[in-house]
Amino acid sequence: MPNEWITRESGNLSLQHEWTLVHYQALTSLVARYGDTAKNHAVSLGGITQLDTAGAALIVKLLGIENAKQQAANSLPTKQQALLVRVAEAMETPLDVEPANNNRIVDALATVGQQMVGLWSQQRQLLAFIGLVLATLFSLLFRPHRWRFTATIAHIHSSGLNAVPIVALLTFMVGAVVAFLGATVLQDFGATVYTIDLVAFSFLREFGVLLAAILLAGRTASAFTAQLGAMKSNEEIDALQAQGLDPIELLVLPRVIALLISLPLLAFVGMLSGLVGGAMVATLSLDISISQFMTTLQKDVSVSHFLVGLSKAPVFAFVIGVIGCLEGFKVSGSAQSVGSHTTSSVVQSIFMVILIDALAALFFMELGW
Amino acid sequence: MVATTQAENEQDEQPVITVKGLVNRFGSVIVHEDLDLTLKQGEILGVVGGSGTGKSVLLRSIVGLKRPNGGTIDVLGSRLNELNEQQRSQVERRFGVLFQRGALFSSLNLQENVALPLIEHAKLSRKDAEYLARIKLSLVGLPAKAALQFPESLSGGMVKRAALARALALDPDILFLDEPTAGLDPIGAAAFDQLLVTLRDALGFSVFLVTHDLDTLYAACDRVAVLSQKRVLVADTLENVANTDDEWVQAYFNGPRGRAAQYAANASTSGLKE
Ligand SMILES: Nc1ncnc2c1ncn2[C@@H]1O[C@H](COP(=O)(O)OP(=O)(O)OP(=O)(O)O)[C@@H](O)[C@H]1O
Ligand SMILES: [Mg+2]
């Protein structure tokens, strides 16, 4: 069986049957075996019944390019002859592409270096982009006729209004959890009542805005990156630029401004529903009445905590919006790059939100606010 | 010419594609209505028509990417939308499709793009598949170093060539080409016409070729189908189609470009005869 395609008669080779893709593996090993013989013996192609590009490539490999062209002229029907000649011509250019550098240690070092440089340039790009966005923002501040109301409202709708249910639900549940946690710890000291303070302080100062920001980073930063990334790979952003339109003004500002408006509102929703969650646990399982909850809230918790919490919202919003848009602009043509930049935008924006929150906590504590 | 004799020999054979009474709609927009078309074994059928007359939609419905709103499509002896998943995949792997915008896989480099069907369907090893892929890329006129490039870094014409190489990967039974020469330089386009005829002669596949390129019609096509008014107006040899009494057809073939292409084609064939 294995010799079906190549037979040897008195030193001369003759090829026959189907030389097609289906038999590629078997044919490859035959070609390897008869490679030397074919170089210095006569070869006849007359017996070939079917030939396709894969088969032709193997014949050229067997015979060498010049030889194959000659053989084709001698012993093949016209139609297959043309194919063999075309394939032989195609194989004239060197087909081996240079192998990749396979030194593992060098590769590893190179990767580390690239990552470090990449991290550094990423931060610089972010700073530059923030500058660009701020500059555009201020240049448009006093020119209301160039404000993009429709786009901004549309983004407030999709990233703010549509996020209200999920933000409310999530903070409600976390509020309940914090209340339970506080009750468990404080019960031992007979100070269950302070659960109210715990919930109020944590939600007004930290959790309300932090949870809303993290949700927004996951929901909206990724959406911005994917939107702008798809536009980038479809050359839409280039088209805007070529028409003398500013993508920052048209695409980035409406998104960032929408977040600047949405996040404080979402944070407020988050604070309220966190408190409601805490209040529910307090009334249902800690024997604290609603009116007691309200009085304690008014007596113990000053409005400054609320303001401290809310003051962080615009900063978070700006960071999330800018990172989402910048990562979108970094997308190159491939689908893979859309995916990796979307991931990167979510990771970066959540990281930055938590980092800024930690710094802010230190700052406010030192100031005693 | 080789092209015509081939088609004549096999004229009585059963057609590889038969479209009957095809209806395609998008919402209330009717693209095709009662459209009939056949593609014969081993022929190159040029499909022409104005922009937006539904050439690409026709191609997509034959390939099975758009479910028709009515009518029947028989491909290679089976009715596509009556097959189950597996039978369908069996039929579909005998297609090679070049999409109008290339549709290369953006996260694979060119040789991987072409090697993918070879690995998945022909079960070649990656090394063999990529070697064959480089031959195919060279066959369609791409330099060897392009094999490692990613689609995003290619010029428009290079995308077309690579997409053709991918469509040819499995040496398909039916080749669907949507404007393969749009965006190619004239030399490349002429080489493409030749390559198509050579491969068709050697491998005997049938070609459904959507094109606006009059030179391709003259150089490569056995028959031409004109899409107009939601159906196939005529489908016949080039001469008969060019003589059809229809305003659009006349403007198409006897306009300045049509005449130039005709002149060029005549010059080259008479040159060959001498
Ligand atoms: N997904 C879709 N949804 C709605 N309408 C569509 C869709 N795809 C195509 N159409 C409509 O169908 C019609 C035919 O489109 P098609 O892409 O087939 O044109 P074509 O003949 O290939 O044109 P061209 O030569 O410019 O490529 C057009 O009017 C187009 O608007
Ligand atoms: Mg089209």
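## A quick tour

Helix 5 of chain A is the top contributor to a nonpolar patch, giving three residues. Keep in mind that this is a predicted model. The patch covers about 770 Å² of surface and is made by A:Leu134, A:Phe138, A:Leu141, A:Phe142, A:Trp147, A:Phe149 and A:Ile153. Helix 5 (104–141) and helix 6 (149–160) of chain A are the elements that each give two or more residues to the patch. A:Trp147 sits in the loop between helix 5 and helix 6 of chain A. With a relative accessibility of 39%, A:Trp147 is classed as partly exposed.

Now hop over to chain B. Is helix 5 of chain B largely enclosed or left open by the rest of the structure? It is largely enclosed, because twelve of its 14 residues are buried. Among them are B:Asp128, B:Tyr131, B:Arg134 and B:Leu139. Helix 5 of chain B (residues 126–139) reaches 20 Å from first C-alpha to last, close to the 20 Å expected at 1.5 Å a residue. Just past helix 5 of chain B, B:Gly141 takes a positive phi of about 95 degrees.

Chain B also has an open sheet of six strands, ordered 6-7-8-3-9-10, with mixed pairing.

| Edge strand (chain B) | Residues | Partner strands |
|---|---|---|
| Strand 6 | 95–98 | a single partner |
| Strand 10 | 231–236 | a single partner |

Each edge strand has one side without a neighbour in the sheet, because it has a single partner strand. On average, neighbouring strands of this sheet are turned by 15 degrees against each other, direction ignored. Strand 3 (residues 44–48) and strand 8 (residues 206–210) of chain B pair in the parallel sense over four bridges. B:Leu45 has B:Phe208 in strand 8 of chain B as its bridge partner.

How values were computed
Residues numbered from 1 in each chain as written. Chains lettered and ligands numbered in written order. Predicted model: local features only at pLDDT ≥ 70, side-chain atom pairs only at ≥ 80, totals over all residues. Heavy atoms only, no water. Patch = residues over 30% accessible without salt bridge, like charges linked within 9 Å, V, L, I, M, F, W, Y side chains within 5 Å. Areas by Shrake-Rupley, 256 points an atom, 1.4 Å probe, with all protein chains shown as cover. Salt bridge = Lys/Arg side-chain N within 4 Å of Asp/Glu carboxyl O. Buried < 20%, exposed > 50% of the residue type's maximum accessible area, 1.4 Å probe, protein only. Expected span 1.5 Å × (residues − 1). Pairing = 2+ DSSP bridges. Axes fitted to C-alpha atoms, helices over the stretch in contact; angles between N-to-C directions.
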